[in-house]
Amino acid sequence: VVVCDEAAEEEGCTEMPVRDFLARFDGAAGLYLKDWHLQAAMERGAPAADLADCGFYRTPEWLGDDWLNAYVRRGGAGFGSGEDYRFVYIGTARTYTPFHTDVFGSYSWSLSLTGVKEWWFVSPDDMPKLGAEPPPHWLRKAHAAAVPLPPGEDYDCVTLSFGEGEKAVNVPVLRFTQRPGDMVFVPSGWGHQVWNATPCLSINHNWCNRHNVARMTELLVVEASYLDRQLLDVKELLEEQHAEAGGYAGHCEWLLHNAQAWNVAAWVEMLAAWVPRADVRDLMQIVACLLLLEPLPWGTQGLARAMRAVDVRRGELGMAS
């Protein structure tokens, strides 16, 4: 598993067996196990049809379908390292997850099994005030200086200053306490930091379905379009240099995946993978997403195949073409 010092980020992390982490955990300070794929490890070797019935937890039905992990668990390898997006986190007191938005603009939920966490949230409307890439530790100093929540209160909203001098802006921050048994839902695009006030154990799960795939698709279109504009002046050169790897289009897809852990072809494949199980409302959102991707100059080779699968599903559901 990946173990970090104080902050759950790549820098300052190392890998070690779980038993070694647990041996160090008792009485340790600033020790954080992150991204443990325990659910996937317990499912490994189970038939695909039985995936919903194994592992150490079942996702509550009221959280809806999970297109993202269904795709990865059944062999889709288009995202990141091909692993799932269901994690266990274990941290000592005073460890934290730096400020971030969730992967691909997905939803996430976090269930606290033991320990007390303090969450700080910034809404998507206020995120632009922090710049294109908000510093991951900007809330750490604010957390140390902040007035504690009033006794008996588990949430409030404070205004923090971001930046210096004339460039400083005021940012509303929602903060609240998560206690054992509490589940926190993180909507798409909300920036957040999580602080472990005591030793903590939690389950964290990213997912998507028809309610947020359009927003995620829009984010991908923005990222792909920006990359295309940046490389436009060297398009012919890249086409020639990478002729054996898909030319300009293939290189752009590689760059996008290398930087963001996803690309257009993988997203089309993920959407298409849900089509055989889609109901009418699912199918409408999938079509809307495919149409959003259609104008992109590359990465859309799978669109025609996905649309054919949609037409087949339309017929099965008795929908008019």
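The model is predicted, so local features need pLDDT of at least 70 and side-chain atom pairs count only at pLDDT 80 or more, while totals for chains, interfaces and linings use all residues. Residues are numbered from 1 along each chain as its sequence is written, and side-chain values use heavy atoms, with hydrogens and water left out.

I begin with the rings. Rings of Phe, Tyr and Trp (its six-membered ring) pair if their centres lie within 6.5 Å; planes under 30 degrees apart count as stacked, over 60 as edge-to-face, and the rest as tilted. The count by this rule is 17 aromatic pairs. In one of them, the centres of Tyr 32 and Tyr 89 are 5.6 Å apart with planes at 80°, so this pair is edge-to-face. Both tyrosines are buried, meaning under 20% relative accessible area with a 1.4 Å probe, protein chains only.

How are the rings of Trp 67 and Trp 274 arranged? Their centres lie 5.4 Å apart and their planes at 20°, so the pair is stacked. Trp 67 is buried at 1% relative accessibility, and Trp 274 is buried at 8%. Ring pairs also join Tyr 85, Phe 87, Phe 104, Trp 262 and Trp 267 into a cluster.

In α8, Val 264, Trp 267 and Leu 271 meet Val 213, Met 216, Thr 217, Leu 220 and Ala 224 of α5; helices are DSSP runs (H or I, at least four residues), numbered from the N terminus, and contact means heavy atoms within 4.5 Å.

Definitions and conventions:
Buried means under 20% relative accessible area, exposed over 50%, partly exposed in between (1.4 Å probe, protein chains only). Helices (H or I, at least four residues) and strands (E, at least two) are DSSP runs, numbered from the N terminus.
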